[in-house]
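Here are my notes on the model you sent. They begin with the terms and then take up the helices.

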Amino acid sequence: MGQVHEPPRLPDGGFAAWSRDRLAVARRGADECGDVWQLEPGVYVAAAAEPCEAVLRRAHDFPKAPSPLFPPLKRSSGAPTREERAHAHAARMRGLRAQAVAARIGEIAPGIARFADHWPTGQDVEILPPLRRTLAEIGVRYLFSEDAPTLLPFVPQLFLAREVLARPSRWVWPRWVPTPARRFRTRQQVAFTDALRPVVRRRRSSGRLGDDVLGQMLRPSSRHGPLSEEAILDTLPGITVATFETPSRAAGWILLHLARHPEAAARVAAEAALLPADPAATTSTHLDSLHYTQAVVREVLRLHPPSWLLTRHVTRRTQLAGYTIDAGSTVLVCPYTAHRDAREHPEPDRFRPERWLDATGSPTEPGAFLSFGTGPHGCEGVALAMAMLTLLTAQTARRHHLSEPPGPEPAFQVTTFEGLTPVGLRLRATLRN
């Protein structure tokens with residue numbers, strides 16, 4: 001590792017043209033140019049596993065830029081300080097860490113089981129829309145518990161705002177320009193915030209804060225005291241969309257692989273047969289016993305990472321894989337190509353869930369796995385996402401054989417915000433038993 005070469009010739013138009021077909025170019029660059037390569041002046045691509053992990057772990061040299069999706073609303077109090085953002089992050093994590101998710105598996109499992117039970121059999125179904133609705137309901141209930149029905153009506157518009165912003169454009173506008181997409185985003189953000197505000201005030205005034213993620217954010221910290229109302233309201237629109245947007249993309253790829261690999265699906269079904277008949281009785285122990293199912297999920301996420309490209313900005317002159325990178329540069333981290341590094345994953349293009357198990361069938365972690373990032377800015381919701389995806393895989397395979405209808409294969413769509421989404425995904429389910 002550590003080799004850096006000049007990039008291949010790119011289409012006319014430089015970076016803008018590359019953006020229209022950047023997945024193919026990134027793969028070609030990884031094959032032809034080595035571990036790290038310069039795309040254009042000030043823009044570098046980390047394509048192999050080792051430099052990708054190095055960038056993500058060296059957060060001081062390569063910090064993550066604030067998300068442009070749902071920035072704080074403009075208020076007279078001004079933008080939140082760095083300390084307030086750190087406090088809000090710590091408060092969210094009290095409800096999203098693995099132990100918190102494990103304690104609430106019995107609340108997550110019933111919604112997943114209903115999705116599998118209600119899948120119409122014997123007909124071709126475009127599966128992403130119902131998947132997204134199901135995971136949105138589960139995610140919103142995880143965040144807000146009994147207050148989820150108040151907030152769920154606003155969630156589809158929040159998601160649509162995200163989709164509108166993510167559509168590729170030939171123009172890159174400064175963030176201060178009020179484009180139609182940004183005005184639409186702000187309207188949906190305000191509507192969601194206005195619905196959430198009375199919930200926050202009622203819980204605080206009653207003292208019944210709740211044990212969900214919102215309740216954890218309402219609890220004062222011994223170091224910082226209570227979070228301000230604005231800090232809570234600003235952080236939750238983005239988290240709400242994140243609980244289902246990325247998992248729904250990943251779930252589409254997983255269900256497609258169950259259809260294409262019936263032997264793996266049968267093995268998942270056999271493992272899932274040991275789950276409780278009452279989904280509400282599912283516990284973290286049941287989830288942890290789904291070794292092969294988790295391996296299937298990880299293998300699909302290796303082949304199709306939901307966030308295939310991560311952007312980092314360089315704060316100071318530094319070295320990466322033998323390359324000197326100046327402050328102010330941009331480094332694009334590509335999990336898609338890192339996961340296909342044969343030095344980390346033998347036969348990297350082959351679907352082989354067994355690579356995530358040892359000889360006894362127990363979980364293991366060979367090679368790089370960057371589908372949720374890593375280091376200080378890794379995905380906050382990784383435990384929740386893995387729980388939802390594992391249960392979805394198990395319950396679907398337990399009930400159904402999946403198959404692809406005749407016709408064109410589903411394509412993929414690369415979005416501005418680093419997403420890799422299956423498009424035109426239609427599947428047919430028949431009852432397994």
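1. A residue is called buried under 20% relative accessible area, exposed over 50% and partly exposed in between, with a 1.4 Å probe and protein chains only. By that cut-off T193 is buried, because its relative accessible area is 2%. T193 is found in helix 10; helices here are DSSP runs of H or I with at least four residues, strands are runs of E with at least two, and both are numbered from the N terminus.

2. The model is predicted, so local features need pLDDT of at least 70 and side-chain atom pairs count only at pLDDT 80 or more, while totals for chains, interfaces and linings use all residues. Residues are numbered from 1 along each chain as its sequence is written, and side-chain values use heavy atoms, with hydrogens and water left out.

3. The protein chain has 433 residues, of which 52% count as buried. Its secondary structure comes to 17 helices and 12 strands. The accessible surface (Shrake-Rupley, 1.4 Å probe) is about 19900 Å², and 53% of that belongs to carbon and sulfur atoms.

4. A contact means heavy atoms within 4.5 Å. Among contacts between residues at least 6 apart in sequence, 75% join residues at least 24 apart. T193 and D234 are 41 residues apart in sequence, yet 7.9 Å apart in space, C-alpha to C-alpha.

5. What is the angle between the axes of helix 10 and helix 12? The axes of helix 10 (residues 180-206) and helix 12 (residues 229-260) cross at roughly 125° and come within 10 Å. Axes are lines fitted to C-alpha atoms, for helices over the stretch in contact, with angles from 0 to 180 degrees between N-to-C directions. The pair is therefore oblique, given that under 35 degrees is roughly parallel, over 145 roughly antiparallel, 65 to 115 roughly perpendicular and the rest oblique. Residues making the contact include F192, T193 and L196 of helix 10 and I232, L233 and L236 of helix 12.

6. Helix 15 (residues 291-303) and helix 17 (residues 382-399) have axes that come within 9 Å and cross at roughly 115°. Those two helices are therefore roughly perpendicular to each other. Their contact involves, among others, V296, V297 and L301 of helix 15 and M386, L389 and T393 of helix 17.

7. Helix 7 (residues 128-144) has 17 residues and reaches 24 Å from first C-alpha to last, close to the 24 Å expected at 1.5 Å a residue, where the span is 1.5 Å times one less than the number of residues. Its buried residues include L131, I138, Y142 and F144. S145, which follows helix 7, has a positive phi near 50°.
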